Amino acid sequence: MISEAISNLLSLRGKKALVTGGGRGIGKDIVNTLLGAGADVAYISNSLSPEQGEMEQLAQQNGVTVQGHAANVADRPRMEEVLKQLADGFGHIDILVNNAGITRDGLLFGMKPEQWQEVIDVNLSSVFHLTKVLSRQMALKKSGCIINMSSVVGLIGNAGQANYAASKAGLIGLTKSVARELAGRSVRVNAIAPGFIETTMTGKLNDKQREGVLGRIPMGRMGSPEEVSRIVLFLASDLASYVTGQVIPVDGGMAI
Ligand code: NAP
């Protein structure tokens with residue numbers, strides 16, 4: 001039995017969260033976890049989740065709301081429209097989870113400039129733009145929490161992913177700098193560095209690549225989206241009220 005004090009610290013009741021890339025994979029699980037913890041949740045995804053109906057059911061069961069917005073986070077005019085819709089129809093955002101991310105893998109010698117740019121635009125620059133707008137509002141309210149989805153690859157690199165690794169390492173620098181800037185305004189900024197998690201992103205691996213990956217994970221298995229979203233919940237909650245500027249690996253020991 002969990003004590004009432006701990007449950008209260010973990011509860012997100014009365015909070016509003018925005019999750020990018022919430023349509024599937026880790027992001028969809030984050031949406032569901034935050035709904036389960038009592039937050040109202042808006043998510044942005046290229047396309048609305050095929051499981052939008054289930055999300056709405058879960059929200060209803062928990063007495064909260066969920067809304068999806070179809071948008072490319074790297075499309076600035078479209079993001080401005082979405083932010084306006086959120087300001088009008090959702091309200092002040094207390095928790096921002098910058099989770100949307102893509103891969104466009106290739107070895108450096110063959111990597112096209114467009115492959116580099118697209119990954120930087122989606123994984124890093126979009127986070128700068130969205131964080132700039134929403135962190136200002138959080139700072140004014142002297143409360144808020146930002147969680148950036150980095151990667152183990154941003155910590156240790158990976159052959160064939162120079163663009164992705166640079167974007168994810170960039171997120172770590174952004175996280176630590178913004179955490180320093182906003183700590184005095186009670187806005188916490190942290191990052192999570194997942195290892196290999198079972199989603200459509202890693203579903204692209206062939207059997208040989210998968211075997212190679214498993215050999216590099218001390219725990220000998222891939223992680224699940226739930227194992228990442230639980231850490232998002234911890235960081236978003238008051239259990240982590242004195243945690244800022246940190247990068248938490250969720251990787252079965254890969255980055256040890
Ligand atoms: P995923 O299964 O490919 O899902 C990505 C989600 O992000 C989808 O909902 C997708 O929307 C959305 N998205 C992608 N590009 C977008 C854009 N430009 N604008 C708006 N939404 C966009 O990926 P995942 O595995 O859940 O990964 C989630 C995050 O964790 C990413 O940042 C990834 O880099 C990071 N990560 C993942 C792993 C892993 O092993 N899976 C490991 C380390 C870090 P659509 O479906 O509509 O395209």
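Q: Where does valine 232 lie?
A: Valine 232 lies in helix H10, residues 225-236. Helices here are DSSP runs of H or I with at least four residues, strands are runs of E with at least two, and both are numbered from the N terminus. This is a predicted model, in which local features need pLDDT of at least 70, side-chain atom pairs count only at pLDDT 80 or more, and totals for chains, interfaces and linings use all residues. Residues are numbered from 1 along each chain as its sequence is written, and side-chain values use heavy atoms, with hydrogens and water left out.

Q: What makes the protein chain as compact as a globular protein of its length?
A: First, its make-up: 10 helices and seven strands. The radius of gyration is 18 Å, close to the 18 Å that the globule rule gives for 256 residues, so the chain is as compact as a globular protein of that length. That radius is taken over C-alpha atoms, and the rule is 2.2 Å times the number of residues to the power 0.38. Along the principal axes, the C-alpha atoms fill a box of roughly 50 × 45 × 40 Å.

Q: Why does asparagine 190 count as buried?
A: Its relative accessibility is 0%, so asparagine 190 goes in the buried class. You'll find asparagine 190 in strand E6, residues 187-194.

Q: What does the side chain of asparagine 190 reach?
A: It reaches the backbone oxygen of valine 243 at 3.0 Å. Leaving aside neighbours within four places in sequence, asparagine 190 is also in contact with residues including Ile146, Thr175 and Leu235.

Q: Why does aspartate 40 count as buried?
A: Aspartate 40 comes out at 15% relative accessibility, so it counts as buried. Aspartate 40 sits in strand E2, residues 40-45. Its contacts beyond four places in sequence include Lys15, Lys16 and Phe90.

Q: Why is asparagine 32 called partly exposed?
A: Its value is 22%, so asparagine 32 counts as partly exposed. Asparagine 32 lies in helix H2, residues 25-36, and touches Met55 and Leu58, not counting residues up to four places away in sequence.

Q: What makes the phi of lysine 142 worth a look?
A: Phi of lysine 142 is near 55°, a positive value in a residue other than glycine. Most residues other than glycine have a negative phi. Lysine 142 lies in the loop between helix H5 and strand E5, and at 51% relative accessibility it counts as exposed.

Q: Why is serine 186 called partly exposed?
A: Serine 186 has 46% relative accessibility, so it counts as partly exposed. Serine 186 is found in the loop between helix H7 and E6, and its phi is near 60°, a positive value in a residue other than glycine.

Conventions: Buried < 20%, exposed > 50% of the residue type's maximum accessible area, 1.4 Å probe, protein only. Polar contact = N/O pair within 3.5 Å; in protein donor to acceptor, adjacent residues only side chain to side chain. Contact = heavy atoms within 4.5 Å.
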